[in-house]
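The sequence and structure are shown first, and the discussion follows.

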Amino acid sequence: MALLWVLMMLVWLAAWVFGLWWMWPHFERMALTPELLMSFFWLMTGAVAWVFAFNLGRQRYWRR
């Protein structure tokens, strides 16, 4: 189960990085458009959810 959790976290992180790379031209222009705002909120929600899931998995699967 721990290996599955690690793989899922890596896939999720890779998808988040791909989304950031995909939206980077919009962030560079900094033109306040609905697409920029939605992508920013989408990426921030994904980042917060990833950190939350990472902490839950770390508490469950990492032995001290």
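A nonpolar surface patch is formed by L32, L37, F40, F41 and M44, whose accessible area together is about 510 Å². Patches consist of residues with over 30% relative accessible area and no salt bridge, where like charges are joined within 9 Å and nonpolar side chains (Val, Leu, Ile, Met, Phe, Trp, Tyr) within 5 Å. A salt bridge is a side-chain nitrogen of Lys or Arg within 4 Å of a carboxyl oxygen of Asp or Glu. Accessible areas come from the Shrake-Rupley method with a 1.4 Å probe, and for residues only the protein chains shown count as cover.

The model is predicted: local features need pLDDT of at least 70 and side-chain atom pairs count only at pLDDT 80 or more, while totals for chains, interfaces and linings use all residues. Residues are numbered from 1 along each chain as its sequence is written, and side-chain values use heavy atoms, with hydrogens and water left out.

One member of the patch, L37, is located in helix α2, residues 34-61. Helices (H or I, at least four residues) are DSSP runs numbered from the N terminus. Helix α1, residues 2-29, packs with α2 at an angle of about 160°, and their axes are 10 Å apart. Axes are lines fitted to C-alpha atoms, for helices over the stretch in contact, and angles run from 0 to 180 degrees between N-to-C directions. The two helices α1 and α2 are therefore roughly antiparallel, a term for angles over 145 degrees. The crossing of α1 past α2 is left-handed, that is, the near helix is turned anticlockwise from the far one by less than a right angle.

W16 lies in α1; its C-alpha atom is separated by 6.9 Å from that of L43, 27 residues apart along the chain. W62 belongs to the segment after α2, and the C-alpha atoms of W62 and A2, 60 residues apart along the chain, are separated by 8.2 Å.

In the loop between α1 and α2 lies M30. Its phi is near 55°, a positive value in a residue other than glycine. Most residues other than glycine have a negative phi.

Relative accessibility is tabulated below; buried means under 20%, exposed over 50%, and partly exposed in between (1.4 Å probe, protein chains only).

| Residue | Relative accessibility and class |
|---|---|
| L37 | 37%, partly exposed |
| W16 | 25%, partly exposed |
| W62 | 46%, partly exposed |
| M30 | 59%, exposed |

Notes
Parallel < 35°, antiparallel > 145°, perpendicular 65-115°, else oblique.
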